[in-house]
Amino acid sequence: MKSQHERHENTNLRNENEKLRAENVRYKEALTNATCPNCGGPAAIGEMSFDEQHLRIENVRLREEIDRISGIAAKYVGKPMLSYPHLSSASSRSLDLGVGSYGTQTGGNIPGENIYGAADLLRSVSGPTDADKPMIIELAVAAMEELIRMAQSGEPLWISCSDSSGEILSEEEYVRTFPRGIGPKPLGFKSEASRESAVVIMNHVNLVEILMDVDQWSSVFASIVSRAMTLEVLSTGVAGNYNGALQVMTAEFQVPSPLVPTRENYFVRYCKQHGEGIWAVVDVSLDNLRPTSVSRCRRRPSGCLIQELPNGYSKVTWVEHVEVDDRSVHNIYKPLVNSGLAFGAKRWVATLDRQCERLASVMANSIAAGDVGVISSPKGRKSMLKLAERMLMSFCSGVGASTAHTWTTLSGSGADDVRVMTRKSMDDPGRPPGIVLSAATSFWLPVPPKTVFDFLRDENSRSEWDILSNGGLVQEMAHIANGRDPGNSVSLLRVNSANSSQSNMLILQESCSDSTGSFVVYAPVDIIAMNVVLSGGDPDYVALLPSGFAILPDGPENNNNIIKNNNNNDEGGSGGPDVGNGGSLLTVAFQILVDSVPTAKLSLGSVATVNSLIKCTVERIKGAVSCDGA
């Protein structure tokens with residue numbers, strides 16, 4: 001019985017062996033007759049390089065991810081899943097998006113709303129068509145891959161500067177590493193690439209939510225994002241979080257000065273989880289989907305990598321990579337813009353770090369009440385900080401060169417011209433009703449930004465520049481610290497003026513500072529309304545007209561961690577022999593209610609008064625800080 005079983009087993013093994021031998025012969029014949037997919041000629045075994053094998057494996061993985069994302073998108077937008085060409089190897093195909101009408105634009109002014117010549121892209125653009133969505137998904141997935149490598153790679157992609165002041169992106173290595181993408185750089189555009197890392201006091205879940213919620217994002221980065229809008233959500237993500245979320249957006253980025261044109265972008269934002277506690281959010285421009293519009297700026301894959309750390313902290317690595325026509329930037333701001341401090345990764349990270357500290361301050365419950373004026377009530381602190389946040393956002397939205405505004409330049413010459421605009425305030429409980437006249441001017445000061453910031457935020461020196469306080473004594477009534485820097489605080493000030501009509505005048509002030517810029521913003525507030533706020537009442541009904549100052553460095557500091565730009569086509573020169581040597585760029589902006597009737601006509605006398613007020617304030621500041629800094 002045993003031998004019979006063994007014979008049967010041997011027969012099965014021989015049959016199996018014959019089958020394998022026949023299959024082997026068939027494979028050999030197939031390989032002998034194999035043809036090259038590119039040229040159609042015979043292909044030899046082993047001809048495929050390791051790199052090509054790696055690319056094919058990578059393409060399969062990317063293809064699977066695109067299929068997954070498009071499936072999610074189809075589920076949420078209620079459309080059938082669209083078919084589209086698969087990603088091919090990097091060597092055989094480029095997406096070549098966005099090439100076309102760039103470079104032919106001369107930057108001539110268009111009369112009316114936009115003094116810089118670009119159309120108002122944020123109002124003219126609409127959501128993507130169904131036919132565009134597969135390309136958007138493909139582009140978003142490729143952009144995510146690029147962002148991760150840009151965030152994690154060292155040399156030769158990023159080259160360290162010899163003076164240890166930062167790092168430069170090698171354009172040559174970039175093109176070699178990422179041959180796919182949005183096409184070559186348009187003629188006349190400059191590349192700006194920067195990278196910055198920091199540890200911030202916020203957990204990774206909240207950071208992702210801020211970046212993916214356009215309202216929170218605009219609020220946290222109010223000094224950089226002047227306007228933003230989500231046009232269409234292609235995917236909300238899976239499993240109750242933002243993993244796989246895709247949304248098409250528009251945004252306008254600004255520097256707080258009328259002298260620097262804003263940068264408008266139409267882009268897709270994609271969020272992905274890359275492991276336990278590791279997330280990434282990437283933006284990439286979709287200019288190719290609107291070939292008739294004129295864009296002066298486009299975003300190559302930009303965004304941030306977020307890594308969870310213990311105790312609610314996160315490490316953020318930010319990459320900003322844009323191509324821009326910046327010829328309209330005023331000369332005194334060129335060193336700042338060229339340094340990467342105006343729009344680069346360092347400014348995004350510094351702003352995020354400061355705002356995370358501010359949010360931590362809002363949430364703090366145990367505040368020592370030992371110092372006079374310190375608000376220890378959690379409800380009162382939260383309400384006052386919320387009011388100050390609205391004040392700062394309102395100031396930032398009205399001080400830049402946003403195409404939503406129509407600035408008129410009053411007679412004068414040079415950078416320190418006063419620019420004015422009017423706005424009608426109606427049915428807004430957060431603003432006094434009537435005609436509001438806004439005036440702003442920017443100028444250079446030969447003293448460091450910290451000196452200017454400390455002078456302007458100090459209530460003891462306020463009478464030296466604040467004409468409206470009539471030289472009265474200014475006292476700090478209440479104070480909330482909201483960051484490590486002692487200059488980051490919200491204060492309630494009382495002006496003890498000799499003028500009896502101003503005896504009840506209070507001033508709400510917020511001062512905030514980081515390595516890329518500072519703000520001192522204030523607004524007169526009603527004493528009765530502020531008592532409600534300090535008791536924890538709703539701050540949304542307190543009428544505010546913010547005025548204040550934006551203080552920026554005039555260029556990169558020596559021996560500071562500045563990301564430099566690798567550009568060889570800088571045009572327009574610098575801002576003069578002194579600008580860029582450690583001075584400050586100061587923007588002064590006032591908002592004044594010139595008539596409490598919204599339908600009233602603006603008088604020339606009101607404009608002349610505001611012009612005189614702002615010029616007198618500027619002269620006082622110049623005189624005071626020059627003496628202090630001497």
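**Close-up views of a predicted model**

**Figure 1. Confidence along the chain of the predicted model.** The chain has a mean pLDDT of 77, with 72% of its residues reaching 70 or more. Among the elements of the chain, β9 has the highest mean pLDDT (95), whereas helix α3, spanning residues 121-124, has the lowest (50). The pLDDT is below 50 over residues 75-121, a stretch that has 105 contacts in the model beyond near neighbours in sequence. Residues 559-577 likewise have pLDDT below 50; counted beyond near neighbours in sequence, 56 contacts in the model involve this stretch.

**Figure 2. The cis peptide bond between Glu155 and Pro156.** The omega angle of this bond is about 10 degrees. Pro156 lies in the loop that runs between α4 (133-152) and β1 (158-160).

**Figure 3. Asn311, a residue other than glycine with positive phi.** The phi value of Asn311 is near 65 degrees. Asn311 is located in the loop between β9 (302-308) and β10 (314-324). With a relative accessible area of 73%, Asn311 is exposed, because the cut-off for that class is over 50%.

**Figure 4. The crossing of helices α10 and α12.** The axes of α10 (residues 378-397) and α12 (residues 527-534) come within 7 Å of each other and cross at roughly 130 degrees. The two helices are therefore oblique to one another, as this angle falls between the limits of 115 degrees for roughly perpendicular and 145 degrees for roughly antiparallel. From α10, Gly380, Ser383, Met384 and Leu387 meet Met530, Val533 and Leu534 of α12. By class, the contact comprises five nonpolar and two polar residues, with no charged residues.

Technical notes:
Residues numbered from 1 in each chain as written. Predicted model: local features only at pLDDT ≥ 70, side-chain atom pairs only at ≥ 80, totals over all residues. Heavy atoms only, no water. Helix = DSSP H or I, 4+ residues; strand = E, 2+ residues; numbered from the N terminus. Buried < 20%, exposed > 50% of the residue type's maximum accessible area, 1.4 Å probe, protein only. pLDDT = per-residue confidence, 0-100. Contact = heavy atoms within 4.5 Å. Axes fitted to C-alpha atoms, helices over the stretch in contact; angles between N-to-C directions. Parallel < 35°, antiparallel > 145°, perpendicular 65-115°, else oblique. Nonpolar A, V, L, I, M, F, W, Y, C, P; charged D, E, K, R; others polar.
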